[in-house]
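Please look over the fold of this protein, the confidence of its model and the side-chain pairs that it holds. The briefing below is grouped by topic.

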Amino acid sequence: MALDPLDMVAEPSGFGDDDTSPAARHRKHARLNAAVAVTVALLATFMGICKIKDDNICQAMQQAQADKIDHWSYYQARNVRQEVAEATATQLRLQQASQAAPAQAAYAEAIARYDQIARDQAQKKQQVAAQAEADQKNYDALNYRDDQFDLSDALLAIAISMLAVSSLTQLLWLYLLSLLPAACGVIMGVAGLTGLRIHPDGLTALLS
């Protein structure tokens, strides 16, 4: 006589019917399997939606990082221009003192021009630095939401694994337990989609 492996799995007390006939067990197994299938389908759909948004956020993070690098490069370039202009103006001042009176006017004009260049570069340098800092803040905000999607993905993956085991073992309590990480994963996913400030910093730092 062939043995049904599912007959060897003990049914948890307090769940389902008291009828232990094969037909009753089959109905309970069918209901649990249906619940698992629907739950997995819903979680997989939600994970797909979150994946699309997370990919877009990752692209935006890459762009923000590239913009930050470009702006700091511009900052360094303008800083060099400022220092060259200041050094040239200083050199001209030293030379001006030893020149004849008619030539000193030309030196004064050149000194004023280089001083103006140095001031312009200093101002533009600060503007570029502000842009680079804004890029960093944008990157940090995007990374915050990316962490939310990462946690959501991990929690939902754990939930789906538990659902698979609950379907295999026909343990209703395991199915109910899997709803806990599933709910947490959905909450984190919704937070990432809508920009809610829900972020377990301690857990994120541990996993980073």
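From the N terminus on, the elements of the protein run α-α-α-α, which amounts to 4 helices and 0 strands, where helices (H or I, at least four residues) and strands (E, at least two) are DSSP runs numbered from the N terminus. This is a predicted model, in which local features need pLDDT of at least 70 and side-chain atom pairs count only at pLDDT 80 or more, while totals for chains, interfaces and linings use all residues. Residues are numbered from 1 along each chain as its sequence is written, and side-chain values use heavy atoms, with hydrogens and water left out.

**Confidence**

- The protein averages a pLDDT of 86, and 87% of the residues score at least 70, pLDDT being the predictor's confidence in each residue, from 0 to 100.
- Confidence is highest in helix α3 (residues 172-194), at a mean of 94, and lowest in helix α4 (residues 201-207), at a mean of 67.
- Over residues 1-18 the pLDDT is below 50, and beyond near neighbours in sequence this stretch has 19 contacts in the model, a contact meaning heavy atoms within 4.5 Å.
- Where pLDDT is low, the predicted coordinates should not be read in detail.

**Burial and contacts**

- Of the 208 residues of the protein, 29% count as buried, where buried means under 20% relative accessible area, exposed over 50% and partly exposed in between (1.4 Å probe, protein chains only).
- Among the contacts in the protein with a separation of 6 or more, 78% are accounted for by residues 24 or more positions apart.

**Salt bridges**

- Side chains of opposite charge can pair when their charged atoms come close.
- The count comes to 2 salt bridges, under the rule that a side-chain nitrogen of Lys or Arg lies within 4 Å of a carboxyl oxygen of Asp or Glu.
- In one of them the side chains of D55 and K51 meet at 3.5 Å, N to O, and both residues lie in helix α1 (residues 22-96), 4 residues apart, about one turn of the helix.
- D55 is partly exposed, because its relative accessible area is 33%, and K51 also counts as partly exposed, at 49% relative accessibility.
- The side chains of R93 and D115 meet in a salt bridge at 2.4 Å, N to O, and this pair links distant parts of the chain, with R93 in helix α1 and D115 in helix α2 (residues 101-169), 22 residues apart.
- R93 is partly exposed, with a relative accessible area of 39%.

**Aromatic rings**

- The structure holds 1 aromatic pair; the rings of W72 and Y75 have their centres 5.3 Å apart and their planes at 80°, so the pair is edge-to-face.
- Rings of Phe, Tyr and Trp (its six-membered ring) pair if their centres lie within 6.5 Å, and planes under 30 degrees apart count as stacked, over 60 as edge-to-face and the rest as tilted.
- Both W72 and Y75 lie in helix α1, 3 residues apart, about one turn of the helix; W72 is partly exposed at 33% relative accessible area, whereas Y75 counts as buried at 19%.
- R197 lies over the face of Y144, at 4.1 Å from the ring centre, by the rule that NZ of Lys or CZ of Arg is within 6 Å of the ring centre and within 35 degrees of the ring normal.

**Cysteines**

- The count comes to 0 disulfides, a disulfide being a pair of cysteine sulfur atoms within 2.5 Å.
- C58 is partly exposed, with a relative accessible area of 27%, and C184 counts as partly exposed at 32% relative accessibility.
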